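Work through the exercises below with the sequence and the coordinates open. Each task is followed by a solution in steps.

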Amino acid sequence: MSGFSVTEPSRGQKWIAGILVVTYALVTLLPLLWIIATGFKSPSDAIAYPPKAVFEPTLEGYVNLFTTRTRQTPDYLAENPPETWYDEIVRKYDMVVVGPSRYGERFLNSIIIGFGSTFLSVFLGTLAAYAFSRYKVPLKDDLLFFILSTRMMPPIAVAIPIFLMFRSLGLSDTHAGMILLYTAVNLSLAVWLLKGFIDEIPREYEEAALIDGYTRFQAFYKVVLPQAATGIASTAIFCLIFAWNEYAFAVLLTSGTAQTAPPFIPTIIGVGGQDWPAVAAGATLFLLPVMVFTILLRKHLLRGITFGAVRK
Amino acid sequence: MSGTVMERAANATPPKLARQIKGLSDKTIAWIFVAPTIFLLLAVNIFPLIWTIRLSFTNFRVNRANLETKFVGLRNYERILTDSDIWLTMQATAHFLFWTLFFQVLIGFALAWLINRKFKGNDLWTTIIVLPMMLSPAVVGNFWTFLYQPQIGLFNYAIAFLTGADPSSFSMIGEVSLAPWSIVIVDTWMWTPFVMLICLAGLRSIPDSIYEAAECDRASKWRQFWTITVPMVLPFLMLAVLFRGIENFKMFDLVVQLTGGGPGSTTELTSINLKREAFEKWRTGYASAYAIILFVTVFGLASIYVKALNKVKER
Amino acid sequence: MIIDFFKTQIKGLIRLRRGPWEMLASILIALGVVMLMQPFALVAYTYSFFVLLVGTVMFIVVSHFPE
């Protein structure tokens, strides 16, 4: 102990605070744990009353998520023994696997569009942020506000003309169209966040480089970029998470080829309504990467959600 | 300014070398760096916006392209602003906004205050609490409809367990009186950590010395809380409230997946209502005017938000 | 104290200073938002957009006034 301090909470206070916070955390975590658990339940366990916390885990949900199945006659089933482990799981319900489901494609779309738009927005954002941070750009404050305000626009409000525009340019339901759109939406976040990160790099480094005979461009990518690497990485993760989670544009502007996972997962249906174990399995696979990224990002989370205003 | 040092460096060297050092002029570089961003935003945001404004004065309908498009002046605006059904969706939005902000500020601030007691492992638990906020609202919202199922849903079961009511006796998303609260609950679950994180930053920005001085003046803990803690956190709280306010005003994904606006139109928030007009009834001109009204509202709030942002930045 | 506050604000308004004008615009925007979503009078809802528009445009203009 470094001596008595009036601002240090007492041990009792710490205990009570700790218990309350942990209780809240566990309650708040429950729906997420329930998603993961439901993914490993059989359909009957998933809708059991009372809700089952202890159950026999099965991969039925995941098999249903990735395959399309059809019901077969007992004769057919008797003649054709199951060939794979997933076929065997499906046999319990007198079904056979006839092919893959669309989930894989949709997941891949999410990856392509997410990474494509992240790369573009971070690339363009870094350049713009550097300029805003280091140079006198005319109307700087107005431009920065304009950039931020584009982020604030309600997606549905701009969706009407974008829908018309994409239709006439042949961009609707294409990867290129969605990448472009998400890049534009993420760009504002990228510029604001990266400007904050670049502002923190002392100008002396670049000045030294310039005196050493570097050109402005060389100073930018040999001195500033490596210094801003952490900032760029966390900005990229924020952009990726946004593009990954986005739903409004995706549901309005894509229907097939370029549809991402968020509009797709709720449409996974089984017999008589949503196939909850399959939905939960799809959601688990879709949400887990974001959870991992959130844990990686925890030091920069605050910056990301406040456009770099609060740095802690 | 850095310019002076760099210029001195450039001027001190022979002209040819100087040009090489400076390369392009600062102004040109700045423009090359900024232009792609501005261009993309103009193309994907401002151009569509101007198009929306133009459409909002017409009776254009996407699904009837042959129909002659007529200029109708301010009639679309007039009709929207005197329509009591749209007024009702605004009120539904207001209910959603008010209660989500109320609960999120209350719980978020309380949590931040507790975490700031610096108990062992508070970092780990903060990270766990933050998780829901980063997840896809549509996917999570869809799964909540499962938790809300009468009888088999975990939420109903938990409520039944705590109150003794029959878990199949109520349906959070099926009943007119409960549906508005079902969306408030999920949004609060999702976004309380946001308010908490910002409040925590506010609490941590207060220097210990202020409390020490107050302690010397024999101010009670209660008084310290109201005269030091609250005023110092207030700018941060304002920021959080404004941001959540803007986000929830245009709320779409979570609620669409949860209730889809139903039952009836009890949870039909403005964005959902707008989506119906634009992409189900295809009244493009009318919906454009509607979109402009929402846009101006958000833009107004966003300007206040940026002002609040700069205020916090100065701290 | 409160009277002094208003005095400086009004002085700022007359001299076209940014602070008080921005506050006025913010108040208009806030008023517009309340009018838009209040459940009491349809008339207030009808004119909310006008108030919002005035507030927002005013904000953009006055943010270029000197401090």
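**Exercise 1.** Which residues of helix H8 (residues 154-163) of chain B are buried? Say also what covers them and what follows the helix.

Solution. 
- Step 1. Note that the model is predicted. A residue is taken as buried if 20 or more other C-beta atoms lie within 10 Å of its own.
- Step 2. Under that cut-off the buried residues of H8(B) are Leu154(B), Phe155(B) and Asn156(B).
- Step 3. Their cover includes helix H7 (137-147) of chain B and, from chain A, helix H1 (11-39).
- Step 4. Just after H8(B) comes Gly164(B), with a positive phi of about 85°.

**Exercise 2.** Describe the contacts between chains A and B.

Solution. 
- Step 1. Two residues are in contact if their C-beta atoms lie within 7 Å. On this basis, 92 residues of chain A touch 88 residues of chain B.
- Step 2. On the chain A side, H1(A) gives the largest share, 15 residues.
- Step 3. Sorted by class, this side of chain A holds 73 nonpolar, 13 polar and six charged residues.
- Step 4. Two pairs of chains touch, and the pair A and B has the most contacts.

**Exercise 3.** Where does chain C attach, and what separates chain C from chain A?

Solution. 
- Step 1. Chain C meets chain B: 17 residues of chain B are in contact with 17 residues of chain C.
- Step 2. On the chain B side, the elements that give two or more residues are helix H5 (84-115) and helix H14 (284-313).
- Step 3. H14(B) supplies the largest share, nine residues.
- Step 4. By class, this side of chain B has nine nonpolar, seven polar and one charged residues.
- Step 5. Chains A and C share no contact, and their closest C-alpha atoms are 9 Å apart.

**Exercise 4.** Characterise the fold and dimensions of chain A.

Solution. 
- Step 1. Count the secondary structure: chain A has 16 helices and four strands.
- Step 2. Compare the radius of gyration with the globule rule. Chain A has 25 Å, whereas a compact globule of 312 residues would have a value near 20 Å.
- Step 3. Along the principal axes, the C-alpha atoms of chain A fill a box of roughly 85 × 65 × 40 Å.
- Step 4. Of the 312 residues of chain A, 49% are buried.
- Step 5. Take the contacts in chain A with a separation of 6 or more: residues 24 or more positions apart account for 73% of them.

**Exercise 5.** Into which domains are chains A and B divided, and how far apart are the domain centres?

Solution. 
- Step 1. Chain A splits into domain 1 (43-101) and domain 2 (104-272 + 288-305). The C-alpha centres of these two domains are separated by 40 Å.
- Step 2. In chain B, domain 1 covers 2-55 and domain 2 covers 75-313. The corresponding centres lie 39 Å apart.
- Step 3. For chain A, an unreviewed UniProt entry places the feature "domain: ABC transmembrane type-1" at residues 107-297. That span is 79% helix and 2% strand, and its end C-alpha atoms lie 23 Å apart.

Key: Residues numbered from 1 in each chain as written. Chains lettered and ligands numbered in written order. Predicted model: local features only at pLDDT ≥ 70, side-chain atom pairs only at ≥ 80, totals over all residues. Domains from an automatic or database assignment. Buried ≥ 20, exposed ≤ 12 C-beta atoms within 10 Å, placed from the backbone. Nonpolar A, V, L, I, M, F, W, Y, C, P; charged D, E, K, R; others polar. Rg over C-alpha atoms; globule rule 2.2 N^0.38 Å. UniProt positions renumbered as here; feature names shortened; annotations may be inferred.
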